[in-house]
Structure formats: C-alpha cells, structure tokens
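User: Hi! Could you take a close look at one part of this model for me, and then walk outwards from there?

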Amino acid sequence: MKEGNINIEELISTGTTIEFNHFEATSNGLGNDDNEVTKEEYDKEILNHVNLNCLGDFEDNDVHDCMEPFTFLETKMTESFCNGGIKKRVLQVGYGNKPDPKSIVRVHYNAYIEFNEEPFDSTYARKTPHQFVVATGEVLPGLDIAVQSMQLNEMSQFLIKPHLAYGTQGCLDRIPPNAVILFQVELIEIIESAASEMYKVLPEEQKNDFNNVYKFCISQCTKAKDLFNRNIRSAIKDYNMAVAALERAQLHSYEDQVSQQELLYKLYSNLVVCYTKVQEPKKACINFNKIRDLVKGTDLKISAKAYFNNARCLRMLGDYDLAKSRLQKAHNLEPRNPEILNEFKVIDEETRKCKERHKKMAEAFVKVQ
C-alpha cells in the first residue's frame with residue numbers, strides 16, 4: 001500500500017499513478033524477509049483467498065438476486081461511517097481498545113474489486129502482515145479509517161467508496177476508475193506509540209515525572225519489541241532511551257518504586273538479549289550486572305534466559321569458568337532446555353581449544369629460550 005515515503009492521500013488527490021509490487025515482503029521495509037514469497041508462490045496462494053461473493057454467489061438466498069454483488073454485500077453491512085463512504089460488517093468480534101492516532105498497527109487483509117473473485121492484493125498470500133502508523137496517510141484513506149474502527153483480533157469486511165480508495169484514476173490496469181473496494185481485514189496487533197510522541201513534547205520539568213516516564217517507557221518497550229526481529233540496533237536504541245528516562249524518574253510512592261524496578265528489570269533483560277545477539281558481550285554483561293544489583297532486596301528473580309545469555313557473553317570474552325557457573329544457574333532453573341545443554345558443550349569445547357593454544361604457546365616459548 002505504501003512505497004517509500006509516498007503519501008497515498010496525496011497521490012489520489014493529484015491523480016498521480018503508482019506501480020505496486022505485491023510480490024515482495026512489504027515495500028516499506030517492515031516485512032520479515034524470512035517469509036518473502038516468489039511470484040509463483042503468491043499466485044498459487046492467492047487461490048486460497050477467492051471470494052465468490054464478488055461474483056454474486058448468494059448462497060443464503062432461496063431465489064436468484066439480480067442485484068450487483070457489492071450492492072448485495074452492502075445490505076449485510078451493519079455499520080456505516082464517513083457519510084456512507086465506508087460500510088462495515090464484523091465477521092469476528094475483537095476485544096480491547098481501538099487504535100489511537102499514531103499507533104502502529106499490523107493487519108492481514110484481502111482486497112477485492114467487484115466481479116473478480118481473486119483478491120488484487122493479499123497479505124495472506126504474501127505471508128507477511130502489513131504494518132503502518134494510523135492516521136498518517138501511509139495507506140488508502142478508507143483502509144486507515146476502517147482499521148481505526150476495529151478492536152484487536154477483530155476480522156471485518158469493509159466496502160470502501162472510490163473517493164476513499166483509488167479515486168477516479170484507479171490504478172493502472174488493475175483497479176478500474178471509480179472502483180468500490182472490498183477489504184477483509186484482520187487486526188492482529190496494536191503497538192501504542194502515541195505516548196512516546198506526547199512525551200517528547202512535554203515541558204522539561206514534566207519529563208521526569210514518574211507517571212509520564214512510565215507511559216513513555218511502556219511505549220518504547222513495545223516499539224522495541226516489534227523492532228527486535230527487523231532492526232535490532234533500533235530496538236537497542238529504544239530500550240536504552242527508556243532505561244535512561246526510567247533511571248532518572250522522580251518517584252512519588254513505594255508503588256512507583258516497585259513499578260520502576262519491575263520495568264527496569266524487563267528493560268535490562270531485553271538489552272542483555274539484544275547485545276548478545278549483536279555480539280557485544282561487554283555491554284550485555286553491564287546490563288546483566290544491573291539486573292543483579294536491581295534484584296537485591298526485592299522479590300524479583302534472575303531468569304534462566306538472563307543467566308544463559310550472560311554465560312554466552314562471558315564465553316565470548318573468554319571467561320569460561322564464570323560462564324559455566326552462570327550457565328549452571330540457568331540449567332538449575334530449566335534443566336531440560338536444549339539450548340542450555342548445548343551451551344555446556346560449546347563452553348567445554350572452547351575451553352579445550354583455549355588450553356591447547358596456551359600449551360602450544362608455552363611450548364614455543366620454551367623452544368625459544
């Protein structure tokens with residue numbers, strides 16, 4: 001739906017044409033390359049998302065209905081907004097709050113034009129959800145507004161009139177001019193980012209208030225979690241921004257202190273994982289040591305995952321004895337974890353190689369003498 005920094009609303013209003021490549025993960029770099037499909041795979045998968053209602057297959061009617069397919073579908077729509085520009089029918093009820101402006105959402109959808117049972121676009125066929133920031137013009141106006149009406153895990157159908165879709169121009173030979181679009185959308189994730197944006201514009205004297213800091217940190221943590229598999233360096237940056245804000249926050253009560261400790265524990269733990277993954281063992285160890293200091297005198301416990309990643313980093317740094325000690329603590333917590341068991345073998349092997357190197361160096365030194 002988006003290519004680079006192109007604004008869809010501007011394209012529609014100006015009548016500019018745009019080429020779409022539906023056979024790559026997502027054109028804005030938000031997709032998971034592991035799930036990228038070829039054109040052949042896409043063409044095959046698209047057949048699993050055929051919607052015969054687009055042809056006028058009215059299975060629930062006893063008699064033939066001569067109405068056009070989308071006109072008939074519109075009779076089943078239970079909600080209408082944007083002065084009738086969007087009609088909605090809920091297929092699967094969701095839960096929780098609806099996306100706020102500037103929230104990041106992740107959706108799956110199939111998109112159809114009338115009299116064509118195959119979707120002209122399908123995230124399901126690409127096997128990659130589409131992600132965008134709500135109310136910023138990243139997608140078609142109708143789709144943006146439609147998603148804002150949904151709850152998490154909801155699946156709904158939307159009929160979107162041309163002025164909120166591809167307009168009078170259509171889109172090359174794929175979308176005819178003045179086409180009504182049928183979207184079937186599944187809202188699979190809402191990532192709150194509004195709190196992060198609001199925090200940035202607060203007066204300086206309010207930026208250390210714990211209530212403001214806590215909301216900001218939750219937002220940063222959610223964004224970083226989403227970034228982890230796509231851009232781990234950006235995830236590290238967001239986690240560190242949250243840590244810096246939370247460490248200097250002004251606490252008002254014991255409850256604030258407990259909340260601060262719990263969130264700091266989560267942030268430090270995630271940074272240990274991130275730095276281990278990018279092979280920066282010293283920084284990972286610094287955050288692990290922060291965890292050790294934090295849990296003293298609290299009910300918090302160091303997790304097997306934290307011990308395991310710290311052991312891996314100590315191994316990278318050549319401290320095999322301490323690495324094995326930390327790994328043993330991880331093993332005590334999760335004795336059947338195969339990754340932990342395998343790490344014992346890796347440490348033993350590297351310890352053996354290190355001893356062999358030292359032995360050869362000693363032998364070479366004696367010969368020189």
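Which residue in S6 stands opposite isoleucine 86?

Analyst: Happy to! Isoleucine 86 faces isoleucine 160 in S6. Before going on, please note that this is a predicted model, in which local features need pLDDT of at least 70 and side-chain atom pairs count only at pLDDT 80 or more, while totals for chains, interfaces and linings use all residues. Residues are numbered from 1 along each chain as its sequence is written, and side-chain values use heavy atoms, leaving out hydrogens and water.

That contact belongs to the antiparallel pairing of S2 with strand S6 (residues 155–160), which runs over six bridges. Strands here are DSSP runs of E with at least two residues, helices are runs of H or I with at least four, and both are numbered from the N terminus; two strands pair if DSSP finds at least two bridges between them. S2 (residues 86–92) also pairs with strand S1 (residues 79–81), again in the antiparallel sense, over three bridges. There, serine 80 sits opposite lysine 87 in S2. Four residues separate S1 and S2 in a hairpin, and cysteine 82 in its turn has a positive phi of about 55°.

Moving on to the helices, H12 (residues 320–333) has 14 residues and spans 20 Å from first to last C-alpha, close to the 20 Å expected at 1.5 Å a residue; the expected span is 1.5 Å times one less than the number of residues. Its buried residues are Tyr320, Ala323, Arg326, Leu327, Ala330 and His331. Seen down the axis, these fall within an arc of 150°, so they line one face of H12; the arc is taken from the directions from the helix axis to the C-beta atoms. Asp321 and Asn332, on the other side of H12, are exposed. Buried means under 20% relative accessible area, exposed over 50%, and partly exposed in between (1.4 Å probe, protein chains only).

Aromatic rings come next. The structure holds four aromatic pairs. One of them joins phenylalanine 210 and tyrosine 214, tilted, at 5.5 Å centre to centre and 40° between the planes. Rings of Phe, Tyr and Trp (its six-membered ring) pair if their centres lie within 6.5 Å; planes under 30 degrees apart are stacked, over 60 edge-to-face, and the rest tilted. Phenylalanine 210 is buried, with a relative accessible area of 3%, whereas tyrosine 214 is partly exposed at 30%.
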